[in-house]
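Please work through the exercises below with the sequence and the model at hand. Each task is followed by a solution in steps.

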Amino acid sequence: MKIALKEISVRELAEGYQDNSEGGVTGYGGKLDIRPPYQREFIYKTKQRDAVIDTVMKGFPLNVMYWAVREGGGFEVIDGQQRTISLCQYLNGDFAFDMKYIHNLPADKREQILNYKLMVYLCEGSDSEKLSWFETINIAGEKLTKQELLNATYHGPFVSDAKRYFSKTGGPAYGLAGNYINGSAIRQDYLETAINWLSKGNVQVYMANHQHEQNANELWLYFQSVINWVKLTFIKYRKEMKGVNWGFLYNLYKDKQFDTAALEAEISALMEDEDVTDKKGVYDYVLTGNERSLNLRLFSDKIKRQTYEKQKGVCVKCGGKFTLAEMEADHITPWSKGGHTTAENCQMLCKDCNRRKSGV
């Protein structure tokens, strides 16, 4: 990793400053991506912004900033984004500080601000070196998410195009799947989710392999297929559908034909079952049959104690006598066969017998 310290004046920083909501924010004569198109549009609060201007006006040092050197030329702000935007906005006349805009200041004060020197580390290296370094410096201020760090490492046409679909509140992905996905579009949660589904968990590998592709069509088409499959397969929407690992289920079952009415009837019954404590897990269960997805209700300590006393500490399977701590509660009639987590359906087994019964 090569890191070089450079002094850059505020005047140089703000030269050619442009803020385009779709195209990002640029400065330094168009050579610096202050906020790349794929990054969230976080803006400092007034108090934070004013503190930057006050520091510069008083000639106090701002914290050092970090820029990544791009292979094709130019730079990208990795740390110091909001300080940079605050300075550029002030010089652009977008806000006043202490009730004065930049043009209201005496000429010598304006020159003092314009000539203020910023300390910037210019950093370049391999993708793995940059990612490791980005993670190391991402320790203060408004931290970048894991996906934003990957976006910065594997910047290029793929990420820029993917941002059009996945990185805007109110954008295409949000409109299509806002009720089905957790997180925030502008924090790159939608993008991370889509890549995670398509790559089967290998997000970084996928981004490295697709970094220089000219568009994100494959990802966007796949994402649409997942959500459309969900909407056609599960005909009634419930709030519990938000945050289910839909891509995982789609990858496994997209080619299987389902009786959607029967599927809905099973889901409805499970939603009403008081033993099912994880209603979100119902959607995984009706496809996979994995009862662990349901987080079934456990017998209470009171029921276990009552059953233990009733059995006088004797395991009903092997006939051995045990302490309460050496025994486990078991459903006489399994939940899968209609048994419920009630005192009438509880028996205490020693741990060995219970393991053998459950096959664990």
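The model is predicted, with local features requiring pLDDT of at least 70 and side-chain atom pairs pLDDT 80 or more, while totals for chains, interfaces and linings use all residues. Residues are numbered from 1 along each chain as its sequence is written, and side-chain values use heavy atoms, without hydrogens and water.

**Exercise 1.** Determine whether His331 is buried or exposed, and identify the side chain with which His331 makes a polar contact.

*Solution.* Step 1: locate His331 in strand E8, residues 327-331; helices (H or I, at least four residues) and strands (E, at least two) are DSSP runs, numbered from the N terminus. Step 2: apply the classes, namely buried under 20% relative accessible area, exposed over 50% and partly exposed in between, with a 1.4 Å probe and protein chains only. His331 counts as buried because its relative accessibility is 19%. Step 3: inspect the side chains; those of His331 and Thr341 are joined by a polar contact of 3.0 Å. Such a contact is a pair of N or O atoms within 3.5 Å; within protein, one must be able to donate a hydrogen and the other to accept it, and residues adjacent in sequence count only if both atoms are side-chain atoms.

**Exercise 2.** Classify the aromatic pair of Tyr174 and Tyr190.

*Solution.* Step 1: rings of Phe, Tyr and Trp (its six-membered ring) pair if their centres lie within 6.5 Å; planes under 30 degrees apart count as stacked, over 60 as edge-to-face and the rest as tilted. The count by this rule is 21 aromatic pairs. Step 2: Tyr174 and Tyr190 lie 6.3 Å centre to centre with 15° between the planes, a stacked pair. Step 3: Tyr174 belongs to helix H8 and Tyr190 to helix H9, 16 residues apart. Step 4: Tyr174 is partly exposed at 38%, whereas Tyr190 is buried at 2%.

**Exercise 3.** Explain why the buried residues of H10 line one face of the helix.

*Solution.* Step 1: in helix H10 (residues 203-210), the buried residues are Val203, Tyr206, Met207 and His210. Step 2: they line one face because, down the axis, they fall within an arc of 95°, taken from the directions from the helix axis to the C-beta atoms.

**Exercise 4.** State how many residues the largest nonpolar core has.

*Solution.* Step 1: such a core is a set of buried Ala, Val, Leu, Ile, Met, Phe, Trp, Tyr and Cys residues joined through side-chain atoms within 4.5 Å. Step 2: the largest has 54 residues. Step 3: H11 provides its largest share, 8 residues.
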